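Dear colleague,

I am passing on the structure below for you to look through.

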Amino acid sequence: MKYQNLQKNDSKIFEAIINEEKRQFFGVELIASENYVSESVLEAMGSILTNKYSEGYVNARYYAGNKFIDEIETIAIERAKKIFGVKFVNVQPYSGSPANLAVHFALLNSGDKTLGMNLSAGGHLTHGYKVSFSGKYYKSENYGVDKNGFIDMDEVREIAKAHSPKLIWAGFSAYSRILDWKSFREIADEVGAFLVADISHIAGLIAGGVYPSPVNFVDCITTTTHKTLRGPRGAMILTNNEEISKKIDKAVFPGLQGGPHNHTTAGIAVALGEVLEPNWKNYAEQIVKNSRTFAESLKKKNYEIVSGGTDNHLFLVDMIKSRGISGGEAEKILENFGITLNKNSIPNETRKPTDPSGVRIGTPAITTRGLKEKDVQKIAEFFDLAIQNPKNQNLKNEIADFMKDFEIPGIKI
Ligand SMILES: *Cc1c(COP(=O)(O)O)cnc(C)c1O
């Protein structure tokens with residue numbers, strides 16, 4: 001049986017894990033940054049690779065005994081190169097935020113100017129938000145979205161020209177449209193800035209060919225490995241520029257980190273192997289189909305979708321406009337029914353970030369479970385029924401009953 005040692009030796013942690021398995025199994029996971037890894041990824045991550053210290057890089061380690069770690073890290077790098085069409089990859093960043101810190105550390109001096117997407121418009125903390133290192137140690141300016149919820153590249157250009165950043169971030173955590181990589185490149189060239197794409201959310205879609213790749217337009221790319229890419233929690237930095245790659249490697253180690261998490265590296269390698277399978281394209285396509293279907297179903301029920309729809313795996317719903325409740329209230333109501341999503345600011349937000357107007361909905365996780373368009377329509381119905389009547393006694397069981405037909409790798413209830 002799985003976890004037999006834990007059960008015997010640490011029953012508290014064992015029980016919490018079992019409860020979390022049930023929560024995942026009977027619930028509907030709509031958090032756009034989450035996914036379910038395969039059992040192969042779980043096995044790699046749960047392996048003895050965690051025992052090994054490997055400071056440094058392949059064939060240049062500070063400790064002995066890294067023959068097999070080198071093999072594993074090389075496989076991860078080679079697979080990433082193949083998937084994204086790049087020459088240089090660093091697979092060691094502990095997660096997305098440290099990867100973005102490494103890019104700052106590699107390409108900038110503290111106090112240099114940056115330009116990134118506003119957090120409340122869908123950007124990420126590490127692209128210059130004031131409480132993050134990226135906003136504290138760098139002078140960051142930001143761009144937002146227009147009243148329809150789209151990035152206005154003329155506005156980006158104006159701000160870039162007025163501010164002259166040394167680095168521009170293109171990437172998001174909560175934007176449902178296609179980024180215009182080419183225009184970002186032109187703007188970066190006009191002001192002499194580095195252009196970095198943070199594809200954390202969309203890496204799996206890019207790999208599946210359903211979202212345009214930034215690779216030919218940017219100086220480097222950062223991505224998490226645990227979102228649409230469906231690997232373990234981790235990150236990668238990719239580039240075709242040798243000089244930049246050297247700076248990135250130095251920034252990651254010894255600049256910011258010590259020993260790499262080898263069990264994670266192995267999990268990343270396995271996940272990237274799955275991305276290279278022919279059916280990955282179908283998965284990526286289905287994520288977007290499900291996202292579009294979900295947004296359309298809610299629209300039919302008179303929910304207000306930011307920007308009117310979606311081109312990727314996520315979208316935002318303005319709950320205040322739709323039903324007169326905040327994003328925070330909606331999040332809480334839905335959690336009681338086992339529907340997990342997150343409250344989210346909407347463009348030109350008027351409420352505070354702790355209780356904004358919207359919620360963010362994403363389909364990578366439910367798509368991994370095998371839900372198709374007609375199932376997603378059902379989820380949209382559950383969503384609406386829960387919001388309509390938060391006291392609906394039967395609904396939670398009905399939802400759990402519906403979800404138990406869709407398996408999650410590694411969970412047997
Ligand atoms: C998730 C995310 C990150 C940060 O990743 P963590 O692993 O949570 O540190 C960085 N950038 C973007 C755009 C993200 O969506």
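**Salt bridges**

Asp 311 and Arg 292 form a salt bridge in which the closest N and O atoms are 3.2 Å apart, a salt bridge being a side-chain nitrogen of Lys or Arg within 4 Å of a carboxyl oxygen of Asp or Glu. Because Asp 311 lies in the loop between β11 (304-305) and β12 (314-318) and Arg 292 in helix α12 (residues 280-300), the pair ties together parts that are 19 residues apart in sequence; helices (H or I, at least four residues) and strands (E, at least two) are DSSP runs, numbered from the N terminus. Please bear in mind that this is a predicted model, in which local features need pLDDT of at least 70 and side-chain atom pairs count only at pLDDT 80 or more, while totals for chains, interfaces and linings use all residues. Residues are numbered from 1 along each chain as its sequence is written, and side-chain values use heavy atoms, with hydrogens and water left out.

Arg 292 is partly exposed, with a relative accessible area of 41%, where buried means under 20% relative accessible area, exposed over 50%, and partly exposed in between (1.4 Å probe, protein chains only). In the salt bridge between Arg 61 and Asp 70, the closest N and O atoms are 2.7 Å apart; Arg 61 counts as buried at 15% relative accessibility, and Asp 70 counts as buried at 11%. A search of the whole structure finds 23 salt bridges.

**Helix α10**

The 15 residues of helix α10 (residues 242-256) should span 21 Å, and the end C-alpha atoms are 20 Å apart, which agrees; the expected span is 1.5 Å times one less than the number of residues. The buried residues of α10 are Ile 244, Ser 245, Ile 248, Ala 251, Val 252 and Phe 253, and they pack against several elements, including β2 (56-57), α5 (96-107) and β10 (235-239), contact meaning heavy atoms within 4.5 Å.

**The ligand**

Of the 13 residues around the ligand, Ser 95, Ser 97, Ser 173, Asp 198 and Lys 227 come nearest, a residue being near if one of its heavy atoms lies within 4 Å. α5 gives the most to this shell, with 3 residues. An oxygen atom of the ligand is 2.7 Å from an N or O atom in the side chain of Ser 97, and a polar side-chain atom of Lys 227 lies 2.8 Å from an oxygen atom of the ligand.

With best wishes

Conventions: A polar contact is a pair of N or O atoms within 3.5 Å; within protein, one must be able to donate a hydrogen and the other to accept it, and residues adjacent in sequence count only if both atoms are side-chain atoms.
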